[in-house]
Each structure stands twice: as structure tokens, then as C-alpha cells.
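The remarks follow the display.

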Amino acid sequence: MLKSMNIEAAIADLRRRTLPHVPGEIGRLIYLAATRDYNTGKYYHDGLASAFSNEVANQALEECHNEIFRSLVESSLEDIVGQLERYLSSICEEASEIIGFWERIEPYRIAVPVSSDPLSARLFCSNIKIALAILKSRAKNRLNS
Amino acid sequence: MMQFLFPVVIGALLLGLLLHWSLRSRSSDQINANPPAEVGASGTLHSEFLPVGLMERILDPIDRDFTHSQATIETIRLLEQERRALAIYWLRHTRHQVRKLMSFHVRSVRRHVDLSPGLEIQLALNYVAFLIAYRLVMGLFYIRNPFHVRRVVNYIAAASMQLCFISERLLLIPGVARSTGIDMPPSGP
């Protein structure tokens with residue numbers, strides 16, 4: 001009971017203090033995925049761990065990661081294109097360069113939470129792939145005009 | 001003499017057949033004393049159906065219209081290819097789960113004669129309808145735009161859910177639940 005209250009408090013803390021500073025849903029998804037250890041699949045966050053505990057921080061981050069992922073999976077393609085555009089514009093690199101790299105390496109695959117079902121994971125990756133193609137064709141149109 | 005021999009032979013054959021059935025059902029009960037593979041430790045069917053609601057999202061025409069208004073013909077083709085692949089993945093997975101469900105059902109039926117005939121007929125009809133719709137939609141996916149077969153996909157989703165529902169009702173039949181090791185849910189208030 002006490003533990004679940006702590007997790008709720010940690011989630012609220014994360015939503016109030018950390019996530020609003022990360023631009024867009026895709027940015028938040030990538031931020032949360034980056035707090036996950038590649039080897040163990042556990043999430044780490046020093047600030048949350050010192051305020052609560054490592055275990056509570058892990059569960060709070062996992063919960064937020066799942067929540068943002070679900071919301072993105074249920075979003076329309078138009079929303080995803082908008083979110084991706086927002087994320088790309090927040091990075092201090094040329095958008096076309098990032099699009100090219102994402103198309104080749106598909107780094108967004110690593111942003112999928114472990115507990116997600118295979119269809120949701122496939123839909124997410126597929127939507128990002130199409131969104132990248134749309135952004136690329138928009139950029140091409142802009143250049144031509 | 002032949003007049004008496006014939007009915008005696010027939011009687012002996014019938015008796016032998018009855019004995020054989022009785023022994024078979026006993027040994028089958030012994031073999032199946034453990035719960036089937038589909039029944040989990042918690043006493044529920046391993047339900048691994050993929051989320052049905054996502055299929056509506058995948059084949060939502062809003063995405064198609066948006067892509068048509070925004071992108072080149074290559075991107076539109078990419079969208080169609082991707083959505084077709086997702087829908088086929090979902091269909092194959094659903095068919096696999098439905099087969100597992102039916103195999104569990106058939107194994108349960110072998111051991112029980114007190115099942116409801118109404119439920120059995122309903123289940124069989126739903127299974128046949130599911131298989132027909134599955135074949136139809138798989139064929140359609142190769143010749144038509146995936147967004148155009150949305151209705152049939154929705155029908156398949158509904159049919160698979162109906163099969164699940166009937167199976168759940170089957171599990172509520174006391175004999176089946178007892179022999180498969182499934183905990184009976186509390187009955188009513």
C-alpha cells in the first residue's frame with residue numbers, strides 16, 4: 001500500500017517536474033526509453049531515486065513510458081507527423097540529416113516499452129516510418145517550390 | 001441354432017463395444033488429469049489475442065485521407081503496404097489463437113457428454129464463419145486496398161471475440177471446469 005502510494009507520488013513528480021521540459025510526446029518517449037538500461041531493462045533516474053528509491057523510480061518511469069507509448073499508438077498519423085516534426089525541430093541538427101539517419105538505422109525501435117504487445121510495437125514503428133516519409137516528401141516539395 | 005447365434009454375436013459385439021468405450025473414457029480421464037496447456041496456473045485460458053481495438057486504428061480511413069492530402073504516390077503506397085502487413089499479422093495471430101481455443105474445446109468435449117448442444121452448435125457455426133471470413137479477407141488483401149476490407153476485418157474481430165465468449169461460457173459448465181482444474185468463478189450474489 002505504502003509502496004503503491006510512493007509510486008503514485010513518483011509518477012506525479014515526474015509529470016510535474018521533468019516531463020513538461022521535454023518537448024512533445026515523441027521527445028518524452030525517447031527521454032523515458034533513454035533512462036532504461038539496455039542490459040537489464042530497468043529504469044534509472046538519480047533525482048527520483050534519491051527522493052524515493054531505485055525500485056519506486058524504476059516503476060514510475062516504466063509506468064510513464066507505457067502511458068506515453070499507448071497514447072502515441074492510439075494517435076492518428078497526422079498527430080504523429082506533428083509530434084515528430086516538433087521533436088525534430090527541438091534538436092539542434094539538420095532535420096533532413098536526422099530523417100535520413102532514422103530511416104537507415106531505425107533507432108525509434110528501441111523506444112518501445114518491453115511490456116507492449118507486438119501489434120502495438122509494430123504499429124508504432126510503422127507509423128514513424130510513414131511519418132518520416134511524409135516529412136521527407138514535404139521537405140522535397142519545399143525545396144522544389 | 002443359427003437363429004440364436006446371430007443375436008448372441010450381435011449382443012456380444014455391442015457389449016464389447018460398450019466395455020471398450022467405458023475403458024477408453026476412464027484411461028482418457030487419467031491421461032487428462034492435468035489441466036490442458038491452454039489453462040494457466042491461475043485457472044484461466046491463456047488469452048493471447050492481440051488488441052481488437054487497434055485494428056480500427058490501423059485501418060482508419062483518416063490516416064489514408066491525411067496521407068493522400070500530404071504525400072507522394074510512393075508514400076501512399078508505403079502506407080498501404082504497411083497497413084496490409086499489420087492487418088495480415090493480426091489476422092494470422094488471431095487465427096492461431098482461435099485454433100488453440102478450438103483444440104482446447106475439442107479436448108474438453110471428448111471427456112464430457114453433458115455439454116450444452118446449443119453452445120456446441122453456436123461454437124461450430126461461429127468457427128466456420130470465422131474461417132470463411134478469414135480466407136475471404138486474406139484473398140481480398142492481395143487484390144484490394146487494405147482500407148476497403150475494413151468491414152470484413154471488423155467481422156473477424158467480432159467472430160473471434162464471440163468464440164472467446166462461448167469458450168468462457170463452456171468453462172462455466174461445472175464438469176468441464178472440474179476436470180480441467182479451473183477454479184469456478186463465484187456464482188451470483
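1. Glu82(B) and Lys129(A) form a salt bridge, and their closest N and O atoms lie 3.1 Å apart. The model is a predicted one, and the distance should be read accordingly. Across the interface of chain A and chain B, 1 salt bridge is found.

2. How much area is buried between chain A and chain B? The value is about 1900 Å², and carbon and sulfur atoms give 71% of that area. On the side of chain A, Leu119(A), Leu123(A) and Ile130(A) supply 30% of the area buried against chain B, more than any other three residues. In terms of residues, the contact takes 21 from chain A and 19 from chain B.

3. The largest nonpolar core comprises 84 residues, and Phe124(A) and Trp90(B) have the most contacts inside it. Helix H7 of chain A (residues 118-144) gives the most to this core, contributing 12 residues. As general background, nonpolar side chains tend to be buried together in soluble globular proteins.

4. Which residues does Trp90(B) touch, leaving aside those up to four places away in sequence? In chain A the partner is Leu119(A). In chain B the partners are Leu50(B), Pro51(B), Met55(B), Val153(B), Ile156(B) and Ala157(B). Leu119(A) is also one of the three residues named above for their share of the area that chain A buries against chain B.

5. Helix H6 of chain A spans residues 95-105, and its buried residues are Ile98(A), Ile99(A), Gly100(A) and Trp102(A). The cover over these buried residues includes H2, helix H5 (77-89) and H7 of chain A. After H6(A) comes Glu106(A), which has a positive phi, near 55°.

6. Ala34(A) belongs to helix H2 of chain A, residues 24-34. Is Ala34(A) buried or exposed? Ala34(A) counts as exposed because its relative accessibility is 58%, where the cut-off for exposed is over 50%. The C-alpha atoms of Ala34(A) and Ser96(A) are separated by 23 Å, the two residues being 62 apart along the chain.

7. A nonpolar patch on the surface is formed by Leu5(B), Phe6(B), Val9(B), Ile10(B), Leu13(B) and Leu14(B), which together have about 590 Å² of accessible area. Leu5(B), one of these residues, lies in helix H1 of chain B, residues 2-31. Leu5(B) counts as partly exposed because its relative accessibility is 42%. On helices in general, residues three or four places apart point the same way, because an α-helix has 3.6 residues a turn.

Notes. Residues are numbered from 1 along each chain as its sequence is written. Chains are lettered from A and ligands numbered from 1 in the order in which they are written. This is a predicted model: local features need pLDDT of at least 70, side-chain atom pairs count only at pLDDT 80 or more; totals for chains, interfaces and linings use all residues. Side-chain values use heavy atoms; hydrogens and water are left out. Patches are made of residues with over 30% relative accessible area and no salt bridge: like charges are joined within 9 Å, nonpolar side chains (Val, Leu, Ile, Met, Phe, Trp, Tyr) within 5 Å. Accessible areas come from the Shrake-Rupley method with a 1.4 Å probe; for residues, only the protein chains shown count as cover. A salt bridge is a side-chain nitrogen of Lys or Arg within 4 Å of a carboxyl oxygen of Asp or Glu. Helices (H or I, at least four residues) and strands (E, at least two) are DSSP runs, numbered from the N terminus. Buried means under 20% relative accessible area, exposed over 50%, partly exposed in between (1.4 Å probe, protein chains only). A nonpolar core is a set of buried Ala, Val, Leu, Ile, Met, Phe, Trp, Tyr and Cys residues joined through side-chain atoms within 4.5 Å. Contact means heavy atoms within 4.5 Å. Buried area is the accessible area (1.4 Å probe) that two parts lose on being put together, summed over both.
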